[in-house]
Amino acid sequence: MSATAGQAQGERSLAERLGLKPGQVVQEVGWDEDCDEELRQSIEELTGNELVDEDYDDVVDVVLLWFRDGDGDLFDVLSDAQTVLADGGQIWLLTPKAGRSGHVEPSDIGEDAATAGLSQTSSISAARDWSGTRLVAPRTRR
């Protein structure tokens, strides 16, 4: 079912499930051919903006971080992602679901996020093959 058909039936789009809003700037990090195109298109439709890549040199509202086991050090990637976030911004860490190649254990996500100074606020099924974990910096950080 397309996102448009789902919206007509009152279902929330994939991007709405991530809490995204029109006008937000979303930076995509870690894109590869295994990423979910329906989720990417849903984000662009809802925000009205194309996803910006890792070379974008301004602040962003959201970082969409595709990460698989074997992509490097999650702590380093999360630390780098925070440098472009606007105040109140969020990181959506997308990892392959359990049983899929590249799955990242939730305990590893929690540990690396906490070490990077991030709080995990929610987890969702972001797409057919991807789990999403919403990470935010504590408001006390300035």
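The conversation below goes through a predicted model of one protein chain.

Visitor: How many helices and strands does the chain have?

Guide: The predicted chain has five helices and five strands.

Visitor: What pattern does the chain follow along the sequence?

Guide: Read in sequence order, the pattern is α-α-β-α-β-α-β-α-β-β.

Visitor: And what percentage of the residues count as buried?

Guide: The chain has 142 residues, and 42% of them count as buried. The accessible surface amounts to about 7800 Å², with 44% of it belonging to carbon and sulfur atoms.

Visitor: Among contacts between residues at least 6 apart in sequence, what percentage join residues at least 24 apart?

Guide: For that set of contacts in the chain, the figure is 71%.

Visitor: Let us turn to charges. How many salt bridges are there?

Guide: The count is six salt bridges. One of them joins the side chains of Glu28 and Arg40, with an N to O distance of 2.6 Å. Glu28 belongs to strand β1 (residues 26–29) and Arg40 to helix α3, so this pair ties together parts that are twelve residues apart in sequence.

Visitor: Are Glu28 and Arg40 buried or exposed?

Guide: Both Glu28 and Arg40 are buried. For Arg40, the relative accessible area is 16%, and it counts as buried because the limit for that class is under 20%.

Visitor: Which other residue forms a salt bridge with Arg40?

Guide: Glu37 does, and the closest N and O atoms of that pair are 3.0 Å apart. Arg40 and Glu37 are separated by about one helical turn, because they stand three residues apart in helix α3. Glu37 has a relative accessibility of 36%, so it counts as partly exposed. Taken together, Glu28, Glu37 and Arg40 are linked in a network of salt bridges.

Visitor: What about Asp71, which residue is its salt bridge partner?

Guide: The partner of Asp71 is Arg68, with the closest N and O atoms 2.7 Å apart. Asp71 is partly exposed at a relative accessible area of 39%, whereas Arg68 is buried at 10%.

Visitor: Which residues form the negative surface patch?

Guide: That patch is formed by Asp53, Glu54, Asp55, Asp57 and Asp58.

Visitor: Where does Glu54 lie?

Guide: Glu54 is in the loop that runs between α3 (37–47) and β2 (60–66).

Visitor: How far apart are Glu44 and Gly23 in space?

Guide: The C-alpha to C-alpha distance between Glu44 and Gly23 is 9.7 Å, and the two residues are 21 apart in sequence.

Visitor: Changing topic to strand β3: is Thr95 buried or exposed?

Guide: Thr95, which lies in strand β3, is buried, with a relative accessible area of 3%.

Visitor: Which residues does Thr95 touch?

Guide: Not counting residues up to four places away in sequence, Thr95 touches Phe67, Val104, Ile109, Asp129, Trp130 and Ser131.

Visitor: And Gly88, buried or exposed?

Guide: Gly88 counts as exposed, at 69% relative accessibility. Its place is in strand β3 (residues 85–96).

Visitor: What separation do the C-alpha atoms of Gly88 and Pro138 have?

Guide: The C-alpha atoms of Gly88 and Pro138 are separated by 8.9 Å, while the residues are 50 apart along the chain.

Visitor: One more residue, then. Where does Arg128 lie?

Guide: Arg128 is in the loop between β4 (119–125) and β5 (130–136). At 67% relative accessibility, Arg128 counts as exposed.

Visitor: Which residues is Arg128 in contact with?

Guide: Apart from neighbours within four places in sequence, Arg128 is in contact with Asp36, Lys97 and Arg100. Arg128 and Asp36 are 92 residues apart along the chain, and their C-alpha atoms are separated by 7.9 Å.

Conventions
Residues are numbered from 1 along each chain as its sequence is written. This is a predicted model: local features need pLDDT of at least 70, side-chain atom pairs count only at pLDDT 80 or more; totals for chains, interfaces and linings use all residues. Side-chain values use heavy atoms; hydrogens and water are left out. Patches are made of residues with over 30% relative accessible area and no salt bridge: like charges are joined within 9 Å, nonpolar side chains (Val, Leu, Ile, Met, Phe, Trp, Tyr) within 5 Å. Accessible areas come from the Shrake-Rupley method with a 1.4 Å probe; for residues, only the protein chains shown count as cover. A salt bridge is a side-chain nitrogen of Lys or Arg within 4 Å of a carboxyl oxygen of Asp or Glu. Lys and Arg count as positive and Asp and Glu as negative; His and the chain ends are not counted. The place of a charge is taken as NZ of Lys, CZ of Arg, CG of Asp or CD of Glu. Helices (H or I, at least four residues) and strands (E, at least two) are DSSP runs, numbered from the N terminus. Buried means under 20% relative accessible area, exposed over 50%, partly exposed in between (1.4 Å probe, protein chains only). Contact means heavy atoms within 4.5 Å.
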